[in-house]
Amino acid sequence: MLGIGLAVAAWGGRSAYSTVRIGSAYVAKLTCSCLFVAGRTQQSCSGDYDAQAARLLSVQAGPSSVTVTALAGLLSARAEFEDGFGCHLVN
Amino acid sequence: MDSGVILSTELHKGFWEDGLWEDPHRQATVRGVAAHLALIVLAAFAALAGARANPAPLPVQSPDVAWPTREWTTAPLPPEVDAKAFDAAMREAFDGGNPNLGETREVVVIHGGRLVHERYASGYTPQTRLISWSMAKSITQALVGVAVQQKKLDVDRPMGNPRWVANDPRAAIPWRTWLQMVDGLRYLEIEAKTIADSDASRKLFGPGRLDVAGYCAGLPLIHAPGTHWNYNSCGIVLTADALTRAVVPNPPSPKARRAAMLQWMRTSLFDVIGMNAQPEFDASGLYYGSAMIYASARDFAKFGLLYLRDGVWEGQRILPEGWVDFARTPAPGSDGNIYGAGWWVEPSEGAGRPYPWLMDTGSLRDAFSAQGFEGQYVLIVPSKDLIVVRLGYATQEQQRTGEIRTWMGRVARAFSAAAVTSAAK
């Protein structure tokens, strides 16, 4: 029973990690394009994400990049803007 | 039962369900035989295609109306329009009358080649470029058409991918089949329960994020090609990857690859129609193909006009003859009736298979549309000489109510079919 419990917990943890991993990359890429391609404000861009989920993420915008960190810095995603090519994830 | 269906049923049972595929010693033989049988099935379906009714005629541009390459000719709403219904729909979208519509940010309406209405939410302007999401698939269908017109590829030949060995059955699937989403790959998007399960989010933001085509090329084949429709964004990513190889065969680096591809996209399509589009690229230099093109509603409407005018722009043929009909006709022999090639179509009867996707644009079911996540639409109604573009933001829950689709239909229905007559004068 303990084995099954641990397996379920590990699976749940893996799924949660993968959700946060995907969410961080999503927010980094979409915020980057929202700021530098669409030319919207960071406040406007943050309205495009589920507010509850976004509370788990810290979003920092630089002059041509966006970095998102989660899980107390364990996980980070970064998107960079290049003029003419829009934004892409670099990690 | 026709021969195509019998053959495909045999293929399905023989190769994908009885465990033959599990035997590694037989896989090479099975792949080779399956590839040949798949081609026979496709040939049978191609023969059936001739029996289908011709789609509704596409109206030509009036010589009195300038093409909008530089800017749109504007005109008031024509008198035939039910202005009361039209205004009510716009108020509902922009003034928060219906929460299921989400946030409407940009709306542009083109009738008879003229811009007859546009409206923007606070913070958005006619120049604000917003995300296409999957409307990019319709643009990829156009780009493949341009490449066909330039004799760079043949859509009835196998598309292939360098990650697949020669006798891999996926390598035998033609370009046409990928664009129609009847490729048969195992891909989960519309019915995914969580973002961790969805191939859509996994390929763009999860394990596939730095090499999206690599992720897509790893998906297995589970249905005989040509038989089963499944919304497969990965098929369009693989198409974009193959198109990039056809246009830029041996790039020295990812940066050189994307630069050469962007240049070709601009000179072959975007600059021709005056569309200030920003396609984006992954770290491998691949333009995503299935998503991530930014443009304004006015410019998405120009792209719509290219299709409404049968692929002709300012008298020049940009897309091959019949390419728009290919876009708006479901794959012959497929079990779905709501998708053509890179474009959604109104179902010929009922609410639509396998999903109830009917927009109800009026008495004729001739409409077709580009559609994207969070409620992006370019709706084309040939019988009304009409294009309706809607860009905005809607949550998954709001999208699931189907009310944005219904709203698009309401806007189109405010234009009577008689209005097309006055536009064509």
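## Two domains in chain B

Taken over C-alpha atoms, the centres of domain 1 and domain 2 of chain B are 25 Å apart. Before you go on, note that this is a predicted model, where local features need pLDDT of at least 70, side-chain atom pairs count only at pLDDT 80 or more, and totals for chains, interfaces and linings use all residues. Residues are numbered from 1 along each chain as its sequence is written, while chains are lettered from A and ligands numbered from 1 in the order in which they are written.

Now colour the two domains of chain B: domain 1 is 83–128 + 296–424, and domain 2 is 135–270. These bounds come from an automatic or database domain assignment. Where they touch, domain 1 of chain B puts in 24 residues and domain 2 of chain B puts in 19 residues. Two residues count as in contact if their C-beta atoms, placed from the backbone, lie within 7 Å.

Stay on the side of domain 1 of chain B that touches domain 2 of chain B, and select helix 10 (297–308), helix 11 (323–327), strand 9 (368–372) and strand 10 (376–381) of chain B: each supplies at least two residues there. Helices (H or I, at least four residues) and strands (E, at least two) are DSSP runs, numbered from the N terminus. That side of domain 1 has 14 nonpolar, eight polar and two charged residues. Here Ala, Val, Leu, Ile, Met, Phe, Trp, Tyr, Cys and Pro count as nonpolar, Asp, Glu, Lys and Arg as charged, and the others, Gly among them, as polar.

## Into the core

Of its 425 residues, 52% count as buried. Buried means 20 or more other C-beta atoms within 10 Å of a residue's own, exposed means 12 or fewer, and partly exposed is in between, with C-beta atoms placed from the backbone.

Next, pick B:Val378, B:Leu379, B:Ile387 and B:Val389, the residues with the most contacts inside the largest nonpolar core, which has 133 residues. Such a core is a set of buried Ala, Val, Leu, Ile, Met, Phe, Trp, Tyr and Cys residues joined through C-beta atoms within 7 Å. Its largest share, 10 residues, comes from helix 1 of chain A. Both domains of chain B give residues to this core, so it lies between them.

Which residues does B:Val389 touch? Not counting residues up to four places away in sequence, its contacts include B:Val107, B:Val108, B:Phe300 and B:Tyr377.

For a contrast, jump to B:Glu397 in helix 12 (residues 396–400) of chain B. B:Glu397 is exposed, with 9 other C-beta atoms within 10 Å.

## Over to chain A

Show both chains: 22 residues of chain A are in contact with 22 residues of chain B. On chain A's side, helix 1 (2–36) and strand 4 (86–89) each supply at least two residues, and helix 1 gives the most, with nine residues.

Last stop: the open sheet of four strands in chain A, in the order 1-2-3-4 with antiparallel pairing. Strands pair if DSSP finds at least two bridges between them. Strand 1 (57–61) and strand 4 of chain A stand at the edges with a single partner strand each, so one side of each has no neighbour in the sheet. Strand 3 (residues 75–82) and strand 4 of chain A pair over four bridges. To finish, select A:Glu80, which stands opposite A:His88 in strand 4 of chain A.
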